[in-house]
Amino acid sequence: MKTEKHKIYCCHILEAIDKLELVASTTTREEFLGDWLKQDAVLKNFIVIGEAISQIDEEIKQKFPNVDWRGAKSMRNFIVHEYFSVDNNFVWETIFETIPIFKIQINEILNSFE
């Protein structure tokens with residue numbers, strides 16, 4: 001049962017990542033910075049990632065210590081609680097610098113459940 005729960009949350013994370021990648025692949029930085037709709041869509045998906053992470057058991061997180069669980073959860077918390085201070089340049093960079101590695105790691109976790 002726990003394995004199924006973790007599969008579902010990993011799939012939620014990967015779906016959110018796919019949406020981030022879609023925005024990033026069809027939008028320039030300048031377009032993103034000038035479009036509050038795209039900003040809201042991107043921020044929402046970072047929130048989904050953080051929420052899904054909070055549902056993953058500690059034993060899984062300890063089994064995969066190279067994943068930046070804390071960083072992803074902290075980003076969610078910052079977006080939710082400090083929304084007026086979000087630096088959209090940093091958010092944009094995160095999609096390109098952090099998300100690709102994170103996606104590989106989440107796929108590895110998902111594959112470990114097979």
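Visitor: Which residues form one aromatic cluster here?
Guide: F32, W92 and F96 do. This is a predicted model, where local features need pLDDT of at least 70, side-chain atom pairs count only at pLDDT 80 or more, and totals for chains, interfaces and linings use all residues. Residues are numbered from 1 along each chain as its sequence is written, and side-chain values use heavy atoms, leaving out hydrogens and water.

Visitor: And how many aromatic pairs are there?
Guide: The count is three, taking rings of Phe, Tyr and Trp (its six-membered ring) with centres within 6.5 Å; planes under 30 degrees apart are stacked, over 60 edge-to-face and the rest tilted. Y83 and F84 make an edge-to-face pair, 5.5 Å centre to centre with 80° between the planes.

Visitor: Are Y83 and F84 buried or exposed?
Guide: Both Y83 and F84 are exposed; that means over 50% relative accessible area, with buried under 20% and partly exposed in between (1.4 Å probe, protein chains only).

Visitor: New topic: which residues of α1 are buried?
Guide: In α1 they are H6, C10, I13, L14, A16, I17, L20, V23 and A24. Helices here are DSSP runs (H or I, at least four residues), numbered from the N terminus.

Visitor: What covers them?
Guide: The cover over the buried residues of α1 includes α3 (36-54), α4 (58-63), α6 and α7.

Visitor: How far apart are the end C-alpha atoms of helix α1?
Guide: They are 36 Å apart, which agrees with the 36 Å that its 25 residues (2-26) should span at 1.5 Å a residue. The expected span is 1.5 Å times one less than the number of residues.

Methods:
Helices (H or I, at least four residues) and strands (E, at least two) are DSSP runs, numbered from the N terminus. Contact means heavy atoms within 4.5 Å.
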